[in-house]
Amino acid sequence: MSTNKPMTIEELRAVPGNSLRVNQVAAFLGMNPQSIRYMARTYPELLGFPVCCYQSEGAVPWHCLIPKEAFIAWVTGANLGARKEDNA
């Protein structure tokens, strides 16, 4: 369980920029940020939402960003209609 203060969907929407950090998503989902980072690097397709992982030159840790609008759409189910149409 994440030790970060839980976040609401309104707080996620208010985050400046186009992406969310793993600790913000973990706080919303009630998960350990490291679990999300591991899944993002090894099995990103199992997360259900898109992630972007990168490693800065010379740095050991990986960084992961989550596209804000796509994550919010996943949480709210806003993209379900589009997926049904794509599969038709």
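Contact here means heavy atoms within 4.5 Å. The model in these exercises is predicted.

**Exercise 1. Describe the overall layout of the protein.**

Step 1. Count the elements. There are five helices and three strands.

Step 2. Read them in sequence order. The pattern is α-β-α-α-β-β-α-α.

Step 3. Check burial. The protein has 88 residues, and 25% of them count as buried.

Step 4. Check the range of contacts. Take those between residues at least 6 apart in sequence: 48% of them join residues at least 24 apart.

**Exercise 2. Work out the order of the strands in the sheet and how they pair.**

Step 1. Write down the order. It is E1-E3-E2, in an open sheet of three strands with antiparallel pairing.

Step 2. Find the edges. Strand E1 (19-21) and strand E2 (52-54) each have a single partner strand, so one side of each is left without a neighbour in the sheet.

Step 3. Take the E1 and E3 pair. These strands pair over three bridges, in the antiparallel sense. Arg21 stands opposite Leu65 in E3. Leu20 stands opposite Ile66 in E3.

Step 4. Take the E2 and E3 pair. It is also antiparallel, over three bridges. Here Tyr54 stands opposite His63 in E3.

**Exercise 3. Sort the side chains of E3 by face.**

Step 1. Recall the rule. In a regular strand, side chains alternate between the two faces of the sheet.

Step 2. Apply it. Cys64 and Ile66 point to one face and are buried.

Step 3. H2 packs on it and touches E1 and E3, with its direction at about 75 degrees to that of E1. H4 lies across E1 and E3 and runs at about 65 degrees to E3.

**Exercise 4. Describe how H2 and H4 pack together.**

Step 1. Two packed helices are described by the angle between their axes and the distance between the axes.

Step 2. Read the values. The axes of H2 and H4 come within 13 Å and cross at roughly 10 degrees.

Step 3. Classify the angle. Angles under 35 degrees count as roughly parallel. H2 and H4 are therefore roughly parallel to each other.

Step 4. Name the residues in the contact. H2 gives Val25, Phe28 and Leu29, while H4 gives Phe71, Trp74 and Val75.

**Exercise 5. Trace the surroundings of Phe49.**

Step 1. List its contacts. Beyond the neighbours within four places in sequence, Phe49 touches Val25, Leu29, Pro44, Ile66, Phe71 and Trp74.

Step 2. Look for aromatic pairs. The structure holds four of them. Phe49 and Phe71 form one that is edge-to-face, at 4.9 Å centre to centre and 90 degrees between the planes.

Step 3. See what this pair joins. Phe49 lies in the loop between H3 and E2 and Phe71 in helix H4, so the pair ties together parts that are 22 residues apart in sequence.

Step 4. Phe49 and Phe71 are both buried. Ring pairs link Phe28, Phe49, Phe71 and Trp74 into a cluster.

**Exercise 6. Find the largest nonpolar core and its sources.**

Step 1. Take the size. The core has 17 residues.

Step 2. Name the residues with the most contacts inside it. They are Leu12, Leu20, Val25, Phe49, Ile66 and Phe71.

Step 3. Assign the core to elements. Helix H1 (9-14), helix H2 (22-29), helix H3 (33-42), strand E3 (63-67) and helix H4 (68-76) each supply at least two residues. The largest share, four residues, comes from H2.

Key:
Residues numbered from 1 in each chain as written. Predicted model: local features only at pLDDT ≥ 70, side-chain atom pairs only at ≥ 80, totals over all residues. Heavy atoms only, no water. Core = buried A, V, L, I, M, F, W, Y, C linked by side-chain atoms within 4.5 Å. Buried < 20%, exposed > 50% of the residue type's maximum accessible area, 1.4 Å probe, protein only. Pairing = 2+ DSSP bridges. Axes fitted to C-alpha atoms, helices over the stretch in contact; angles between N-to-C directions. Phe/Tyr/Trp six-rings, centres within 6.5 Å; stacked < 30°, edge-to-face > 60°. Parallel < 35°, antiparallel > 145°, perpendicular 65-115°, else oblique.
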